[in-house]
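Please read it with the model open.

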Amino acid sequence: MYIIIIGGGKLGTTLIDCLTKEGHDIALIDTNYKTVDSLVGKYDILGVCGNGATAETLKEAGVDRARIVIAATAVDEVNVLCAMMAKKMGAHHTVARVRAAEYSKQLVFMREELGIGMVVNPDLETAREISRTLRSMRTVKIDSFAKGRADLVEIRITEDSPFVSKRLWELYKTFKFKILVCAVQRGDDIIIPNGDFRLEVGDKINVTASHGDLDEMFKILGYSKQKVHSVMIVGGGSLGFFLARELVEQKIKVKIIESNEERCVELSEKLPKAQVILGNGTDQDLLSEEGFDEYDACVALTGIDEENIIISLCARLRNIKNIIFKVNNTSLLKAINQDNMDNAISPKNVTSNHIVRYVRSKEGDETSSVQTLYKLVDNKIEAVEFIVRSDSKCVGIPLSQMNLKNGILIACIVRQGKSIIPGGNDTIEVNDNVVVVSNNLFLRKLDEILEV
Amino acid sequence: MINSKMIFYVLGRLSFIEAAFLLVSLFVSLVCGNLFKGDMLLIAYLIPIVILVTLGFALSLKKPNNSHFYAKEGFVVVAASWFLMSLFGALPSWISGYIPSFIDAFFETASGFTTTGSSILTDIEALPKGLLFWRSFTHWIGGMGVLVFMLAIFPEQETQSIFLMKAESPGPQVGKIVSKLRATAQILYGIYLVFTLVEMVMLLFGGLSFYDSVVTSFATAGTGGFAIYNDSIGHYRNVAGVNYIYCEYVISAFMILFGVNFNIFYLMLIKRFKEAFSSEEVLTYLAVVLSAIGVISLNTFQVYGSVEETIRNAFFNVSSLISTTGFGTVSINDLPQLSKTILIILMFFGACAGSTGGGVKIARVILWVKSGFAEIRRCISPNSVISTKYEGKKVDSTIVRSTNSYLVLYLVIFIVSTLLVSLDGFDFESTFTGVLSCFNNIGPGFGKMLGVVGNFSQFSNFSKLVLIFDMIAGRLELLPVMVLFSFKTYKK
C-alpha cells in the first residue's frame, strides 16, 4: 500500500519503522530538510521536503495514489488541515493526530463531518491502555494477532515461578491448560524455542493461548484476579487528566500529585471526584504523608522520563503491587532492563500500534498467500498468517513429524473461525489460516517453513 | 568502525554481475565468429569469468550478521568496485593480446566504464568485433551505473542501500523517484533501456548494420563515445546505403536526451508535464546548448559555407561535448579559437544531474552562480538575508556548502593531475584538455597530441594511471574515491 506520513517526529519515525517492515510503500513529508534526509538514509522511503498542508507538496508526494495519509506533525490544527486536504485531493483514508484535550469531545464530529478516517489522541489512547491494564490487574504486555483471535502475552520468569528450569515439553505435560511458548528473550537474544528448550530465571517468554487458558495460567503464576480500588497518579498533564477521568468513572479512588499550582486548580475544577495534591512527586516525605503505601497502584506520568523511572523504583521499594510509568525515550529502557522494568508505557508506541492496526484493517486481500504480517516483541519477531492452499506440502502431516527449519514455530491454526493452539498431534488442513512465528526470516510462502 | 564484511559481501555480488556481462560479450564474440580463428579470445573471456564467479561465491556465500551500512561503507564499496571492475574488465583485451600493455587495457576499460571514451588504440578497426562490443558495452553498463543495476535486480536488500545509489548517481542531491529503492532503480534502468532501443531502431532505419547500431546506441546511451572506426561517426559518411545526415541528427538528438535528468522522463511518464517542463536545470541546459550552437554556427559559417551543414556540425559538436559523449565527425581541433573555447567551457559544464553524462553538472553550475551572486549582494548590503532558490525551492545551506566544497576539491584534483601529466612534456593544450577530457568523462581533446593523433597512446604509463584515477573520480563525483583512499576511513 502507498502511505504518506506527514511529520517525521517521534510518532512519524515509529510509524515508518513499523510500516516499512510490513512492506508498505512510504513517503515522508516534513518541512525540515535534515529530518527528511536522515530518515531517507535510514529507511527505504521517499522523502519530500515541504509543508504537508499545502496542495503543492501533497501533489509532489503523489497524494492521489495514496491509500492512507497519516498526519503526525507537532501541531493539531495542521494535522487536521493536512488530513482534509489529502482527502479532497484523492487519498482513500486519512489519519490525524490531535492532542489537545479541548478537541477530544469533537473527535466524532471530525471523523464524520470533516471526512478524517481516524482521529487519534495519543494521551487518550495511552490513558485507555493504562486503565485497561489496571483493570485486568495484570501488568503484562498483551499483543493480539490473527485479527484478535489469539493473544500473545509477555511473562518474566522469576525465581519462584513454577516454570523455572522446566523443559517446554515438561511444561506442556505438567499443566492441564494448553499454552505455547512462541519466543524467549534471553539477554539480547530472541530465541524461537523447540520442545527441548529449558527455561531459566530472567527469561522473558511470549506465550500464546486462548483467553480461558490464559486465565488458568495466570492463576498458577500467582497473578491473582484482584480489583484495583485506589490509584496514585504522579503528574497531572493531559495524560494524567485523561487517566484520572477514566478511572473516576469506574469508581476507583484517584489521587493526583502535580507540581504546578495553576494546573492543580484546573484539575480540581474538572475532576471534582479526584483528590488533587500540590507537590513534587519525587518528594518522599510528601508521598508518605499522602499514604503512598496504601495505594493499590502507582502511575508515574510526569514529563520527565528519568523522574518517572525513579518514582516507579520508590514505589517498588514500598511494595506497591502495580506500577506503570511513562517513558518517551524508549532507548532508556535498554539500560535498565535488569530491574524488572516491564511496566513502561510509551505514548508514541501506543499511538503507533493503534494507527498500524487501522492501516492493517484497510489492507485489501492481496494476491499472495500471506494474509497479514505482524511484528511482535518490539518488532523483533515476525508472525505471518498464511492461507493453506491445496498444493501445500504441509497438509495432513502431524506437526511433531514435520521437518521445520530452525527458528520457526507454528503458533496458531485458525480453522473455521476457531483458533487452535497447536500441539504435536495437530495437523494443518487445506483452507486453514496458519500463523507462523519466526526470527525475521522473510517468509513469503507457507512451504518455506520446511527444511529442504 | 567500517563494516568490511558487508563491503566484501556487496563486492561479491557485483562479481557475479560483471561475470554475467562478460558472458554476454563472450556470446556476441561467438555469434560474430571471432572465437575460433586461432586467437586467444575464448580463454581471454573465460579466465576473468572464472575468477569473478569464484570470487563471487567466496565473498557473498554468507550474509554477514552485522549488516549496518552507512554513507562511509557506500562510498568505499562504490569506489572500490569501479576500480576492480575496470581491472577485471581489462583482462579480455590484454590476455588475447590485442592490447599488449596491461596499463593500456586498464585505461581503455576504465575509459569505457566511466563513459569517458578516451582511447589508447591507434587502429581501432584492428580489434575483433567481439572485443569492440565489450568496449561499447562497458559504456552502457557504466552509464547508469552497475550498483544501480544491482539494486534493480537483487530482491532483498538492506534498507540503507540508498547510500550505494547516492554514491554512484551523479548530482548534488540524489533522491528517489518512488518510495522503494528497488523500484526507483528499475524505473531508471527501464527508461534507459527503452531509449537505447529506440535509438537502435532509428539508426537501423538510417541504414546502419545491426551490429553498428547496437554499439553506437550503447556508446550514446552511456554518453561514452567509443566508436568502432578510427574516424568515429564520420566513418559513415562514406558507407554505401547509410543516410549519413539523418544518422548525425539522430545521434546528436539522443546525446542531448541522455544528458537530461532521468527524473524528468519519469515525470513525463506519469503525466506530470507541467513539473517536467518547468525544471530549472533542464531549461538552463537547453538554453546553454542552443546559445552555444548559435555562436558556433556564426563563428564557423565561413568554414562550411552551407547553412544546413554549419548548423548540423555545430549541433553535433555541442551535443557531443556538453553531454560528455565525445563522438566526432569533423576535426574539432581545426575549428576557430572562439568555437574551441566555447566547446572547452561546455566540457566543464557537462550534462544534468541524474543523467548518464559527466562534467560538474549544470545543477552545480547554477548553484555556484547563484551563491556567487548572493555573496556579492551580501557585500553590498551586509545585513540582507538572502536565500538561494533552486527548482523553485529554498536550497538548504548544507547543500550549498557541499556544492561549494565540491568546486574546491574538483580544482585541487584537476591542478594536481595537470601537474603530474605535464611531466610527459607535451604542449599545454594537450596536457590541459587531456586531463579535462578524462576528468569530465568526455573523450577527445585538443592540441598537438590529442587533436592531431586523436588518442592517448603517447602518454606515459604514469600519466595513464593518473588519468584512470581522474576518470573514476570524475564519474563518481570525487567523494567516493577520496573516501576510499583516505586513511581515516579505516581507522578504528
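**Notes on the model**

1. Burial and make-up of chain A. Of the 452 residues in chain A, 39% are buried. This is a predicted model, and the points below should be read as such. The secondary structure of chain A consists of 14 helices and 22 strands. Among contacts in chain A with a separation of 6 or more, 63% join residues 24 or more positions apart.

2. Confidence. The average pLDDT of chain A is 81, and 88% of the residues score at least 70. Within chain A, strand β4 (residues 68-71) has the highest confidence, at 94, while strand β18 (residues 370-376) has the lowest, at a mean of 63.

3. Domains of chain A. The assignment divides the chain into domain 1 (2-120), domain 2 (130-220), domain 3 (230-343) and domain 4 (366-449). Between the C-alpha centres of domain 1 and domain 4 of chain A the distance is 33 Å.

4. The contact between the chains. Chain A puts 14 residues into the contact and chain B puts in 12 residues. On the side of chain A that touches chain B, the elements giving two or more residues are β2 (25-30), α2 (33-42) and β3 (46-49) of chain A. The most comes from α2(A), with 4 residues. Sorted by class, that side of chain A has 8 nonpolar, 3 polar and 3 charged residues.

5. In soluble globular proteins, nonpolar side chains tend to be buried together. The largest nonpolar core here has 178 residues, and the members that touch the most others are A:I3, A:I4, A:I5, A:L28, A:V69 and A:I70. Helix α1 (residues 4-31) of chain B is the element that gives the most to this core, with 10 residues. Another core, of 40 residues, lies apart from it and includes A:M232, A:V276, A:I309 and A:V327.

6. What does A:I5 touch, not counting residues up to four places away in sequence? The list is A:G12, A:L15, A:I16, A:I26, A:L28, A:I70 and A:A72.

7. Helix α9 of chain B. With 25 residues, α9(B) reaches 37 Å from its first C-alpha to its last, close to the 36 Å expected at 1.5 Å a residue. Its buried residues are B:L181, B:T184, B:A185, B:I187, B:L188, B:Y192, B:T196, B:E199, B:M200 and B:L203. Among the elements covering them are α6 (129-144), α7 (146-153), α8 (162-168), α10, α11 and α12 (262-269) of chain B. Just after α9(B), B:G207 has a positive phi of about 100°.

8. Helix α11 of chain B. This helix (residues 244-258) has 15 residues, and from first C-alpha to last it reaches 21 Å, close to the 21 Å expected at 1.5 Å a residue. Buried in α11(B) are B:C247, B:E248, B:V250, B:I251, B:S252, B:F254, B:M255, B:I256 and B:F258. They pack against α9 (181-205), α10 (210-221), α14 (280-304) and α15 (307-322) of chain B.

9. B:F258. This residue is found in helix α11 of chain B. Is B:F258 buried or exposed? B:F258 is buried, because 29 other C-beta atoms lie within 10 Å, and the cut-off for burial is 20 or more. Leaving aside neighbours within four places in sequence, B:F258 is in contact with B:F195, B:T220, B:A221, B:T223, B:S323, B:S355, B:T356 and B:G357. From B:F258 to B:T196 the separation is 62 residues in sequence and 9.4 Å in space, C-alpha to C-alpha.

10. A:V388. The place of A:V388 is the loop between β19 (381-387) and β20 (408-415) of chain A. Not counting residues up to four places away in sequence, A:V388 touches A:V395, A:I428, A:E429, A:V430, A:N431, A:D432, A:V434 and A:L446. A:V388 and A:V78 lie 45 Å apart in space, C-alpha to C-alpha, and 310 residues apart in sequence.

11. B:I386. This residue sits in the loop between α17 (362-380) and β1 (389-390) of chain B. B:I386 has 13 other C-beta atoms within 10 Å and is therefore partly exposed. Its contacts, leaving aside neighbours within four places in sequence, are with B:A374, B:R377 and B:R378.

Terms used. Residues are numbered from 1 along each chain as its sequence is written. Chains are lettered from A and ligands numbered from 1 in the order in which they are written. This is a predicted model: local features need pLDDT of at least 70, side-chain atom pairs count only at pLDDT 80 or more; totals for chains, interfaces and linings use all residues. Two residues are in contact if their C-beta atoms, placed from the backbone, lie within 7 Å. Ala, Val, Leu, Ile, Met, Phe, Trp, Tyr, Cys and Pro count as nonpolar, Asp, Glu, Lys and Arg as charged, and the others, Gly among them, as polar. A residue is buried if 20 or more other C-beta atoms lie within 10 Å of its own, exposed if 12 or fewer, and partly exposed in between; C-beta atoms are placed from the backbone. A nonpolar core is a set of buried Ala, Val, Leu, Ile, Met, Phe, Trp, Tyr and Cys residues joined through C-beta atoms within 7 Å. Domain bounds come from an automatic or database domain assignment. pLDDT is the predictor's confidence in each residue, from 0 to 100. The expected span of a helix is 1.5 Å times one less than its number of residues.
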